[in-house]
Amino acid sequence: MKKNKALAVVIVTALFLGLLTFTAAVGFGPTGTGSAKNINTGLDLAGGVSITYQAVGDETPTQEQMNDTVYKLQQRVDSYSTEAQVYQEGSDRINIEIPGVSDANAILEELGKPGSLEFQLTDGTVVLDGSEVASAEAGVQPDSMKNKEWVVQLTLTDEGAKAFADATSANVGKQISIVYDGEVISSPRVNEAITDGSAVISGMAGQSEAEKLASSIRIGSLSLKLEELRSQVVGAQLGEEAIHTSLIAGAIGLIIVILFMILVYRLPGLVAGIALLVYTALMLVTLNAFDITLTLPGIAGIILGIGMAVDANVIIYARIREEIAAGKSVLNSIQTGFHKALSAIVDGNITTLIAALVLGILGSGSVKGFAYTLAMGIVLSMFSALVISRYLTLAFYALFARDKKYYGEAKERKPIDFLGRRKICFIISIVLIVIGPVTMGIQSATGNGALNYSLEFKGGTSTNVTFNEDMSIVDIDSKVKPVVQEVTGDADIQTQKVTGTNQVIIKTRTLDLDERNSLNDKLAENFDVDTTLISSENISATIGSEMRKDAVMAVIIATICMLLYIWFRFKDIRFAASAVLALVHDVLVVLMFYAVSRISIGNTFIACMLTIVGYSINATIVIFDRIRENLKAMGKKDSVYDVVNASITQTLTRSIYTSFTTFVMVAVLFILGVPSIREFALPLMVGVVCGAYSSVCITGALWYTMKERQQKKENA
């Protein structure tokens with residue numbers, strides 16, 4: 001007894017400290033500061049630096065050269081922020097937008113001037129140029145004394161590898177200088193012939209020197225020579241109102257979820273609420289600690305993390321109630337409940353974590369930012385559920401909560417015949433999926449485009465307007481955008497303020513000359529602006545073809561990795577195949593919603609789809625875990641048909657509660673958010689509902705159908 005009371009005192013003290021952490025994180029109190037105040041936010045939430053480069057030379061650059069330069073610059077600026085954007089402006093300009101910074105001169109100095117790069121022999125003979133360098137990365141490797149030293153790893157193109165092999169073979173023991181914009185930046189000695197297209201530059205004084213050299217080589221390996229045209233600090237695309245309403249929505253959603261958990265699970269619900277507060281605090285602290293840039297896709301990752309944290313608690317408390325209903329003591333039920341819930345929680349979270357890690361490694365831009373946030377959310381949600389919730393529950397038990405009335409008791413439910421309705425569910429799913437391509441075909445045939453691609457995907461026109469007064473984001477949204485939409489006939493309009501000036505950058509669909517003149521006249525008519533100070537340029541997509549390829553490839557590899565993990569854990573390929581099919585089902589249904597609703601497909605589209613992938617696979621694992629458990633315990637009188645129905649019924653409460661709490665979080669964001677956030681939240685709501693439907697009605701049915709067909713083949 002004394003031991004339990006001592007444990008209770010320790011846990012309650014830890015709880016108090018945890019709540020203090022939450023207070024410090026969100027910035028309550030007279031100072032109003034905290035980790036949340038210091039989190040880096042992206043261009044959409046806080047603005048940043050915009051730099052425009054222009055290609056220099058006698059000839060106009062080709063589109064291939066521009067595309068290659070944009071892609072390489074995107075890789076370069078990813079070191080500043082995963083949310084940095086690089087896109088083409090006009091025929092020979094490239095614009096770079098880096099969020100979360102305000103010193104353009106410092107960025108320009110660190111980024112370096114993109115210039116020519118050459119590898120030269122001592123007599124000045126050029127061995128190869130920057131276009132033949134595929135990549136340059138700083139790293140560490142053991143030296144001759146088995147100590148770690150910083151080096152630069154070079155990877156050459158096929159042409160570069162051949163030229164470098166010839167040069168190094170003929171110049172062993174001699175130096176080959178790396179000349180950047182006419183200045184020698186390194187003169188490594190050739191120790192041996194390098195014939196495999198991969199070289200290592202050693203002798204670096206430390207990480208800083210290695211990073212600087214690698215950076216110079218990367219920036220010098222551009223297809224074009226660039227010079228700075230202009231640099232400016234731009235304001236948030238969404239404005240303070242979007243941040244303010246998102247924070248309020250998050251707080252309201254969290255309160256609703258906590259109250260719901262208390263209402264449903266009593267004392268454990270209170271514990272779950274405290275664990276969620278601790279999770280939220282740790283998330284804010286971690287975002288700040290790792291300098292991760294937070295944007296709308298990142299918010300999606302946090303929402304998914306909260307949903308998974310709630311899900312873990314729901315699984316645990318449902319198990320505790322089942323154990324109490326089976327006649328076990330409260331303490332035994334708590335311990336057994338956490339133990340039995342462990343496999344479902346670990347499998348579900350690890351499966352999603354695998355996807356996050358693959359996306360973080362292979363993805364770029366918003367995909368990478370989403371992956372980082374999601375990965376942190378998964379780790380922290382598991383900690384809050386398996387550690388915080390566990391010891392708080394035991395502490396409350398030791399203090400006073402020893403009666404089962406504090407926990408509730410699971411009611412015996414008659415299994416619902418879900419499998420008997422599987423054909424109807426399959427037909428509904430097929431119809432929903434088919435509606436997507438049919439709608440896209442009709443829209444494409446009528447000239448509207450298969451999907452409503454936004455500026456991030458298809459590019460458009462950027463118009464720089466100097467107003468007579470400093471327009472606020474609210475004024476731009478309420479006064480300027482309607483005037484622009486009157487000319488373009490399209491609601492997809494993005495605006496940015498240039499800090500310290502009255503300039504506003506307005507991005508729209510591509511405008512022809514007549515439309516540009518019409519827009520200029522409308523702006524002059526409504527705001528009395530000087531039309532001579534209005535400039536326009538066509539801009540390329542901020543989500544280029546290479547980024548889209550990276551995202552698709554990352555998702556495919558992540559899906560394969562998840563399939564292999566589920567196969568390994570469940571020892572049945574049918575479980576893995578069913579989970580992936582359900583995942584594809586959810587993605588296609590949400591794509592159908594995009595096609596029918598004509599919601600614009602932009603940067604948040606990728607984040608939305610990735611969120612649904614994570615949510616779908618986690619929900620599926622919970623049901624499969626229960627099927628696996630019940631199959632091991634099934635008696636001779638039980639059939640696989642009955643086991644699947646019983647398993648889905650037993651986890652039905654979890655499916656409903658988890659979907660409801662996640663839906664509430666997103667729904668509040670939809671109700672209170674600005675228009676752009678609503679366009680982000682609505683498809684997520686559809687995805688949550690679809691994920692719940694597929695988990696309950698599709699996944700178990702798919703697995704059973706596959707198993708039934710195999711048995712028929714074996715009996716034939």
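Modeller: Accessible areas come from the Shrake-Rupley method with a 1.4 Å probe; for residues, only the protein chains shown count as cover. By that method, the chain exposes about 31,600 Å², and carbon and sulfur atoms supply 58% of it. This is a predicted model: local features need pLDDT of at least 70, side-chain atom pairs count only at pLDDT 80 or more, and totals for chains, interfaces and linings use all residues. Residues are numbered from 1 along each chain as its sequence is written, and side-chain values use heavy atoms, with hydrogens and water left out.

Colleague: What percentage of the 716 residues of the chain count as buried?

Modeller: A residue is buried under 20% relative accessible area, exposed over 50%, and partly exposed in between (1.4 Å probe, protein chains only). Here the share of buried residues is 54%.

Colleague: How many helices and strands are there in the chain?

Modeller: Both are DSSP runs numbered from the N terminus: helices are H or I with at least four residues, strands E with at least two. The chain has 20 helices and 15 strands.

Colleague: In what order do the 4 strands of the open sheet lie?

Modeller: Strands of a sheet pair through backbone hydrogen bonds, either parallel or antiparallel. Pairing requires that DSSP find at least two bridges between two strands. The order in this open sheet is 5-4-8-9, with antiparallel pairing. Strand 5 (126-129) and strand 9 (183-186) are its edges, each pairing on one side only. Strand 4 (residues 117-120) is joined to strand 5 by 3 bridges, and Gln120 stands opposite Val126 in strand 5.
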